[in-house]
Amino acid sequence: MNIIIFHMKTFTTLAAALSRLGLSTADAARLSGISYWTIYQHVRGWRGVSAEAALRYERRLGIPRAVLRPDLWPAQKHSDGGDHA
């Protein structure tokens, strides 16, 4: 059950990040090199975001990998006391 909750939060985060960037699923696919259908599945929560996809979202769209896969890349504590992805 926790896995499902984690995945839904991740997908909500991806949808919110794309919205903040003003990107449609088609825009994100074109810019990231990830297929439209895969991104659609990520946003809908039908498919988990792989480590490779998280890195690609970060490199090409600026969405921090720690936001999409905190299980692999936990947020880091900085000297300012805040959490940073």
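T25 is found in helix α2 of this predicted model, where helices (H or I, at least four residues) and strands (E, at least two) are DSSP runs, numbered from the N terminus. T25 counts as buried, at a relative accessible area of 18%; the cut-offs are under 20% for buried and over 50% for exposed, with partly exposed in between (1.4 Å probe, protein chains only). Setting aside neighbours within four places in sequence, T25 is in contact with Y36, I39 and Y40, contact being heavy atoms within 4.5 Å.

A quick word on ground rules: because the model is predicted, local features need pLDDT of at least 70 and side-chain atom pairs count only at pLDDT 80 or more, while totals for chains, interfaces and linings use all residues. Residues are numbered from 1 along each chain as its sequence is written, and side-chain values use heavy atoms, with hydrogens and water left out.

**The chain as a whole**

- You're looking at five helices and two strands, and along the sequence they run α-α-α-α-α-β-β.
- Of the 85 residues of the chain, 28% count as buried.
- The chain exposes about 5,500 Å², with carbon and sulfur atoms supplying 55% of it; accessible areas come from the Shrake-Rupley method with a 1.4 Å probe, and for residues only the protein chains shown count as cover.
- Take the contacts between residues at least 6 apart in sequence: 38% of them join residues at least 24 apart.

**More on helix α2**

- A29 is another residue found in helix α2, and at 14% relative accessibility A29 counts as buried.
- Not counting residues up to four places away in sequence, A29 touches I34, S35, Y36 and I39.
- A29 and Y40 are eleven residues apart along the chain, and their C-alpha atoms are separated by 9.2 Å.

**How α2 packs on α4**

- Two packed helices are described by the angle between their axes and the distance between the axes.
- Helix α2 (residues 25–32) and helix α4 (residues 51–61) pack at an angle of about 90°, with their axes 9 Å apart.
- For the geometry, axes are lines fitted to C-alpha atoms, for helices over the stretch in contact, and angles run from 0 to 180 degrees between N-to-C directions.
- That makes α2 and α4 roughly perpendicular to each other: the label covers 65 to 115 degrees, whereas under 35 degrees counts as roughly parallel, over 145 as roughly antiparallel and the rest as oblique.
- On the α2 side, A28, L31 and S32 meet R56, R60 and L61 in α4.

**Salt bridges**

- Side chains of opposite charge can pair when their charged atoms come close.
- The rule here is a side-chain nitrogen of Lys or Arg within 4 Å of a carboxyl oxygen of Asp or Glu, and by this rule the count comes to four salt bridges.
- One of them joins the side chains of R30 and D27 (3.4 Å, N to O).
- R30 and D27 both lie in helix α2, three residues apart, or about one turn of the helix.
- R30 is exposed, with a relative accessible area of 60%, whereas D27 is partly exposed at 24%.
- R65 forms a salt bridge with E58, with the closest N and O atoms 3.6 Å apart.
- R65 is partly exposed at a relative accessible area of 30%, and E58 is partly exposed at 27%.
- D71 and R69 also meet through their side chains in a salt bridge (2.7 Å, N to O).
- D71 counts as partly exposed at 47% relative accessibility, but R69 is buried, with a relative accessible area of 16%.

**A nonpolar patch on the surface**

- Y36, W37 and W46 form a nonpolar patch on the surface, with about 400 Å² of accessible area together.
- Patches are made of residues with over 30% relative accessible area and no salt bridge: like charges are joined within 9 Å, and nonpolar side chains (Val, Leu, Ile, Met, Phe, Trp, Tyr) within 5 Å.

**Strand β1**

- Q76 lies in strand β1 (residues 76–77) and counts as exposed at 52% relative accessibility.
- The C-alpha atoms of Q76 and A66 are separated by 8.9 Å, and the two residues are ten apart along the chain.
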